[in-house]
Every structure is written in C-alpha cells, then in structure tokens.
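Open the model in your viewer and keep the sequence panel beside it. The stops below say what to select next and what is there.

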Amino acid sequence: MRLPPQSTLGGMPKVMNFLLDRRRLLIGLAAASTAAAAPVVAGAVPVLESPQLLRLADLLPGVLAERQAARDHKQAVINDWWWEWPLAPAAICDGHAYGYNRDCEHGLTGSPILASGEAVPTEKRDYSWEAIQERKANPDAHYSRLVLSAKFLTSKRDDCLRAIRRKRPKHQLSPVEIAELETLAADYSERAALAADYEAERERVRAASGYGEAVARCEAAFDAMSKLIGEIVATPATTMAGVIIKAQALAAWEADPQAISNISSWSWPGAFASEVLAIASA
C-alpha cells in the first residue's frame, strides 16, 4: 500500500521552527565558548544559576589541587625509594613468571620487577622467532622471578622432618635416606631464614618510604574528586555558565589517569545534552 505524499505546506512550520531553534542554539553555544575561555568564578555567573552548583564549582579547584598534590607526592616517594627496595636472594628464587603469578617478585609499588630491579616491560611482546629465542636465552631481562616465601620454605622443611620421624613398621628409612632428608631439611631451613630476612627488609623499606600513606592520600583525593564531580554533574544547571561548570568538571575527570573511561553510570550524557539544548534554545 502506497502512502500519500507528505504535505509540504503542513511541514513548513516545523522546518522553520527547527531552523530558528538551531540558529538560537548556535548563538548560545558561541557565547558559551567565549565565556569558557576563562575559568568560571562565582562572581561572574548570573544570579539565575543554581546556588548549589555555584557552591560546588567553588570547591572544585581545591579538590583538584589536592588530587594533583597527592599524585605528585606519591610519585616523589616512588622516585626516592624505588632503588632502596631489596632484591630477592637467588637462593629463594625458583624460575620465572611467564604470565600473571602472585608469587612473582614485586617492587615498592607492588608491580612485577626484573632481577635487576627495573619494572617488567609492559609493551606488547614481539613474537618473532628471534625475539622468542632471545627471551629464552635471557629470561631475567624479560620476566619476573618467582620468589619462595619463608612460610613455604618452612613448610617444606617441616615436611622433611616429619618424614624422618614417621613410624614405618614395614619399611624403615635407610640411613642414606635419613641423611638425605636431614640435608634437605637443613637447606630449606637456611633458605627460609634468607626469605624471612628479605621479607622483613621489604616491610622496613615500605614503612620507611611512607608509600602506604602516599597511596592512601592519593585514593582519598581521588574519591573526593570523583564525589564532587558526580555532584556537579547531577546538579541541574539553569544557565549556560552552569553548563560550562559541568564541562570543566568533566574535562578534569577525563584528564585524570585513574578515572574510569566510562562514566555513564552517572546517567549524565542525556541530561547534559538536554540542558545544553534547553538553555541555548531559550
């Protein structure tokens, strides 16, 4: 069934209204872009803007400054203490971690490190035959070592001692077997002592560096920033200056390296677009 052609006369008012609305929108956005050249301050914002939004905007510079200061402090701690972090003795290392493994050797920040103390390369690996052979020949330059804990080594020592003490009515251990287990137990005991010293030194350096406190400050600053920006985005704007406040807050969010890339959980895109259209078209 063919539909009748749409009446051009009936459609003209809608087209004209759309063109007029678009013209007003472009004029409003042009004015907004001029105002956006400088930071928005409460005194320069029309009185019609939401007092709550203005109050939140006044808080944003201080929150962002603390976030930056916290990040700078954390990086300074890393720079000052990275090479103070102890490396695991070879005697308590057992192979390499070729993928994620919680027992691989970690540095001050908790990220995997090489035997040299440098961070494990994070760039995409080259899987050409030559590159694979080079990594096999020199794993210490590409992979983190697996480190045996004092708890694990002590457990292995205790296993050997229990094997010696275990009663075997039918098959007693030979003197040679007992001697082998005693030697193995002594080796595990010595390595457990090395691991305990290594773990204690790690904790000493971590405490002395203040890295834990720096991380806590950084996380608190991020939480404060995230909460404030969320409140700014959620507060309705009544003028284009209010929309600019929101845009500045969102720009600050996008500039933060820890910010998640998707903030649609705030349900801001639709509301933000509606505010721009409503204000610029007024």
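**Stop 1: a loop residue**

Select Thr-109, which lies in the loop between strand E1 (93-97) and helix H3 (129-137). Helices (H or I, at least four residues) and strands (E, at least two) are DSSP runs, numbered from the N terminus. This is a predicted model, in which local features need pLDDT of at least 70 and side-chain atom pairs count only at pLDDT 80 or more, while totals for chains, interfaces and linings use all residues. Residues are numbered from 1 along each chain as its sequence is written, and side-chain values use heavy atoms, with hydrogens and water left out.

With a relative accessible area of 28%, Thr-109 is partly exposed. Buried means under 20% relative accessible area, exposed over 50%, and partly exposed in between (1.4 Å probe, protein chains only). Now show what surrounds Thr-109: setting aside residues up to four places away in sequence, it touches Ile-78, Trp-82 and Tyr-211. Contact here means heavy atoms within 4.5 Å. Finally, pick Lys-74: its C-alpha atom is 10.0 Å from that of Thr-109, and the two residues are 35 apart along the chain.

**Stop 2: the whole chain**

Zoom out. The chain has eight helices and two strands, in the order α-α-β-α-β-α-α-α-α-α along the sequence. Of its 282 residues, 33% are buried.

**Stop 3: Arg-67**

Select helix H2 (residues 51-81) and find Arg-67 in it. Is Arg-67 buried or exposed? Its relative accessible area is 3%, so Arg-67 is buried. The side chain of Arg-67 reaches the backbone oxygen of Cys-218 at 3.1 Å. Beyond residues up to four places away in sequence, the residues that Arg-67 touches include Ala-221, Phe-222, Met-225 and Asp-256.

**Stop 4: H6 against H7**

Select helix H6 (residues 211-234) and helix H7 (residues 240-255), which pack at an angle of about 150 degrees with their axes 9 Å apart. Axes are lines fitted to C-alpha atoms, for helices over the stretch in contact, and angles run from 0 to 180 degrees between N-to-C directions. H6 and H7 are therefore roughly antiparallel, a label for angles over 145 degrees, whereas those under 35 count as roughly parallel, 65 to 115 as roughly perpendicular and the rest as oblique. Show side chains: Phe-222, Met-225, Ser-226, Ile-229, Ile-232 and Val-233 in H6 meet Ile-245, Lys-246, Ala-249, Leu-250 and Trp-253 in H7. By class, this contact has nine nonpolar residues, one polar and one charged.

**Stop 5: H2 against H7**

Keep H7 and bring back H2; their axes come within 11 Å and cross at roughly 25 degrees. That makes H2 roughly parallel to H7. Leu-53, Leu-54, Ala-57, Leu-60 and Leu-64 in H2 meet Gly-242, Ile-245, Ala-249 and Ala-252 in H7. These residues divide into eight nonpolar, one polar and no charged. Ala, Val, Leu, Ile, Met, Phe, Trp, Tyr, Cys and Pro count as nonpolar, Asp, Glu, Lys and Arg as charged, and the others, Gly among them, as polar.

**Stop 6: Arg-191**

End in helix H5 (residues 175-209), where Arg-191 is found. Arg-191 counts as buried, at 18% relative accessibility. Leaving aside neighbours within four places in sequence, Arg-191 is in contact with Ala-91, Ile-92, Leu-148 and Leu-153.

Conventions:
A polar contact is a pair of N or O atoms within 3.5 Å; within protein, one must be able to donate a hydrogen and the other to accept it, and residues adjacent in sequence count only if both atoms are side-chain atoms.
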